[in-house]
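Hi,

Here is the structure I said I'd pass on. Have a look at it first, and then read my notes below.

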Amino acid sequence: MKLLKTLLKIFAILTGLFFGSILFIGLILTYFQVSPTFGRSMEPTIMDGDWVFSSSIKQPKVGEVFLFYCRTSRCDTAGGMSLTKRLIDVDQNGCIFVQGDNVDALSYDSRDYGRLCPGEFEYHAVVISIIHL
C-alpha cells in the first residue's frame with residue numbers, strides 16, 4: 001500500500017511537470033519569437049541577415065526598435081512582411097513616426113511615407129536582443 005501511494009505521488013509530480021512544461025512552452029511560443037531580418041534600413045544596429053529576439057508582451061516605447069505590420073500601400077515595400085524600425089514619436093491621436101537607423105538614407109520609413117495612424121499599422125513585437133551573425 002505504501003508503494004502504491006509513493007507511485008501515485010511520483011505520477012502526480014511527473015504529470016504536473018509535463019503539463020507545466022507544455023504551458024511554459026506555449027507561453028514562450030505565443031509571446032516570444034526569433035526571426036531573421038532582411039534589408040539595410042536598420043544598419044548599423046541590425047545588419048542584413050541578423051536575427052532578432054522579440055516579445056509581443058508590451059507595446060514599444062519611443063526610442064525602441066520594434067516589428068510591425070503596415071496595412072497601407074504607402075509603406076508595404078516588404079510584401080506584407082513584418083517591418084523593423086525605431087519608434088521616433090507617437091502623437092496624441094496614436095499616429096506613429098518610424099525611422100530606420102541607416103544614416104545613408106537607405107531606409108524607407110516615415111520620412112518617405114509620413115506618419116502611420118491607427119488602422120494603418122499593427123504592432124507585432126519589441127526587439128529584445130539582436131543576434132549578429
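Below is what I found in it, spot by spot.

Before anything else, keep in mind that this is a predicted model.

Let's start with the cysteines. The count of disulfides comes to one, and the link runs from Cys-95 to Cys-117, with 2.0 Å from S to S. Cys-95 sits in the loop between β4 (83-90) and β5, while Cys-117 is in the loop between α2 and β6 (121-131), so the bond ties together parts that are 22 residues apart in sequence. The link between Cys-95 and Cys-117 is right-handed, with 105° about the S-S bond. As for cover, Cys-95 counts as buried because its relative accessibility is 5%, whereas Cys-117 is partly exposed at 27%.

Next, Asn-102. You'll find this residue in the loop between β5 (96-99) and α2 (110-113). Is Asn-102 buried or exposed? With 4% relative accessibility, Asn-102 counts as buried. Its side chain reaches the backbone oxygen of Arg-40 at 2.8 Å. Leaving aside residues up to four places away in sequence, Asn-102 touches Arg-40, Ser-41, Met-42, Glu-43 and Arg-111.

Last, the surface. Leu-3, Leu-7, Ile-10, Ile-13, Leu-14 and Leu-17 make a nonpolar patch there of about 620 Å². One of these residues, Leu-3, belongs to helix α1 (residues 2-31), and Leu-3 counts as exposed because its relative accessibility is 60%, where the cut-off is over 50%.

Cheers

Notes
Residues are numbered from 1 along each chain as its sequence is written. This is a predicted model: local features need pLDDT of at least 70, side-chain atom pairs count only at pLDDT 80 or more; totals for chains, interfaces and linings use all residues. Side-chain values use heavy atoms; hydrogens and water are left out. Patches are made of residues with over 30% relative accessible area and no salt bridge: like charges are joined within 9 Å, nonpolar side chains (Val, Leu, Ile, Met, Phe, Trp, Tyr) within 5 Å. Accessible areas come from the Shrake-Rupley method with a 1.4 Å probe; for residues, only the protein chains shown count as cover. A salt bridge is a side-chain nitrogen of Lys or Arg within 4 Å of a carboxyl oxygen of Asp or Glu. Helices (H or I, at least four residues) and strands (E, at least two) are DSSP runs, numbered from the N terminus. Buried means under 20% relative accessible area, exposed over 50%, partly exposed in between (1.4 Å probe, protein chains only). A polar contact is a pair of N or O atoms within 3.5 Å; within protein, one must be able to donate a hydrogen and the other to accept it, and residues adjacent in sequence count only if both atoms are side-chain atoms. Contact means heavy atoms within 4.5 Å. A disulfide is a pair of cysteine sulfur atoms within 2.5 Å.
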